[in-house]
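Hi,

Here is the structure I promised to send over.

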Amino acid sequence: MCAKVKGYDILISILFLIYCKSIVYVFKNPTKDCITINLGKKKKKEYQFQLIDIQGKKVLEKLITNPNQLEKIDISHFAKGIYLANLKAGDKKISKKIVIE
């Protein structure tokens, strides 16, 4: 279960999605239990989320259909370390480093 996140501590990065001219927030990073992706003014009906470990192995793949503005991804069962989170919609992709404590 993802813990609730409060306050200004949660915002780590703002990534601009040129194809939909919106802002995507990825927060609580570093984290122990979950990350939340704020899709902003989402325009796509389907997103592909991947989490890649430091060795390049895909450890999580999730298809997000009919997304909410806030999408939570449970990562509590992964080992501590540095991961790459990829969010893809159509031919556009953004990536963000995620630290699991």
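The protein has 0 helices and 8 strands, going by DSSP runs numbered from the N terminus (H or I of at least four residues for helices, E of at least two for strands). Read from the N terminus, the order is β-β-β-β-β-β-β-β. Bear in mind that this is a predicted model: local features need pLDDT of at least 70, side-chain atom pairs count only at pLDDT 80 or more, and totals for chains, interfaces and linings use all residues. Residues are numbered from 1 along each chain as its sequence is written, and side-chain values use heavy atoms, with hydrogens and water left out.

On to the overall numbers. Of the 101 residues, 41% are buried (under 20% relative accessible area, with a 1.4 Å probe and protein chains only). Among contacts (heavy atoms within 4.5 Å) with a separation of 6 or more, 48% are between residues 24 or more positions apart. The accessible surface is about 6500 Å², and carbon and sulfur atoms make up 53% of that (Shrake-Rupley method, 1.4 Å probe).

β4 pairs (at least two DSSP bridges between two strands) with β5, residues 58-65, antiparallel over 7 bridges. There, L51 has L60 of β5 as its bridge partner. The two strands make a hairpin with 5 residues between them, and G56 in the turn has a positive phi of about 90 degrees. β4 also pairs with β7, residues 81-89, again antiparallel, over 5 bridges; here Q50 is partnered by N86 of β7.

Cheers

Notes:
Buried means under 20% relative accessible area, exposed over 50%, partly exposed in between (1.4 Å probe, protein chains only).
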